[in-house]
Each structure stands twice: as C-alpha cells, then as structure tokens.
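Let me put the next model on the screen.

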Amino acid sequence: LNSFLSTILRTVDRIMIVKMLGVTYVGYYSIAIMTKGYLYGLSNNFYIVTIPHMQEMYGREKKIEDIKKFVTVPAKTISYLLSPFLGLMFLVAPIFIKVCLPRYILGIVALQILLLDTFFESCCAQAGQFMITLGKQARLIPISLITITLNIFFNYIFVKAGLGIGGVALGTALASFFSFVA
C-alpha cells in the first residue's frame, strides 16, 4: 500500500497537468521531472547503502537508540551536500536548457521550483526506511494520504490562480515539505 501511495504521489502532478493544462505542458514539465529523477537518484544511492546496516543492527538487539544514526547522519549529510549542488543546478540549468533544449524553456521555472521538492524528498527518504525497520510502516499511510491530498489541493489552487506548471511544481514542493516535516 505504501508503494502504491508513493506511486500516486510521484505522478499526481503530471495527471493534474494533463487534465488542467494539456499534454503539451507535461512535455515542458518533463525537463523538471528528468532533472529531479537524476538528483534524487544520486541521493537515494547513499541511503540504499545504509538500509541493510540499519536493519541488521536493529535485528540484533531491537534498540532504537542503536539505529537513530542511520536516519540522522545520512539526512544531515545529504542536506549539506545536496544544498550547494541544487543551488548550482538552479543557476546552470536555465542556461543549459536555453542553449541545448530551447523548446523546453517554458519548463525552466518548474524545474527550479521542483529542486525544493528534490531536497525535501531526499532528506526524508531514510525516515521511511526507519519506520519500516521498526515495523511501523502503517504510520506512513496517513502521512502519504495527507501528502497526496495536499498535493492535489495546492496544484488545483495554483493552476486556477494562473501559475501553470510552475504552480504545480510549487504545490508538489509544498506537499513534499509537509511529508518531510511529518
């Protein structure tokens, strides 16, 4: 169920763009999604390495204190390493798109805003694995449902306000911020 909800959360922005703005705008938005995918993939590789160690350590003695570092240290490390890189991407991506992919210029604002979403998703990925390790993955379901609802709500409001795909990116980033905090 968590994986299914995660899939909905990852795609609701594109579904709303198609329904409210049209297929062409999904094309412009794809440049933001592609960039987010690469950046999230880099940070996710860091977490993948730590998950087996966290589960092994918790399996030995079932002490939460022993595995807290597997959540806090990677999240801090990713936030410190990812922040300057995201800032650089914020500045360099528009230049790259204008030179190499000029047909996607309308996606630049969405890309820049979605970098916030990338940050929040990257910093909270390990927390979900922590909950799964503790056998408390059911607690993630309400968070996912609220996040999806917020994403839909914000996207709808921002598109209706005339913000286009930049508004969808902003709505998605705000929903990710909620998930990060929760």
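Helices α2 and α7 are oblique to each other, because the angle between their axes is about 55°; oblique is what remains once under 35 degrees is called roughly parallel, over 145 roughly antiparallel and 65 to 115 roughly perpendicular. This is a predicted model, where local features need pLDDT of at least 70, side-chain atom pairs count only at pLDDT 80 or more, and totals for chains, interfaces and linings use all residues. Residues are numbered from 1 along each chain as its sequence is written, and side-chain values use heavy atoms, with hydrogens and water left out.

Helix α2 covers residues 23-61 and α7 residues 164-181, and their axes are 10 Å apart. Helices here are DSSP runs of H or I, at least four residues, numbered from the N terminus. Axes are lines fitted to C-alpha atoms over the stretch in contact, with angles from 0 to 180 degrees between N-to-C directions.

Which residues make the contact? From α2 they are Y25, Y28 and Y29, and from α7 they are I165, V168, A169 and T172, with contact meaning heavy atoms within 4.5 Å.

Now the rings. The structure has seven aromatic pairs (Phe, Tyr or Trp ring centres within 6.5 Å, Trp by its six-membered ring; stacked under 30 degrees between planes, edge-to-face over 60, the rest tilted). F154 and F158 are stacked, at 6.0 Å centre to centre and 10° between the planes. Both lie in helix α6, residues 140-160, four residues apart, about one turn of the helix. Separately, ring pairs link F119, F120, F177 and F180 into a cluster.

Methods. Helices (H or I, at least four residues) and strands (E, at least two) are DSSP runs, numbered from the N terminus.
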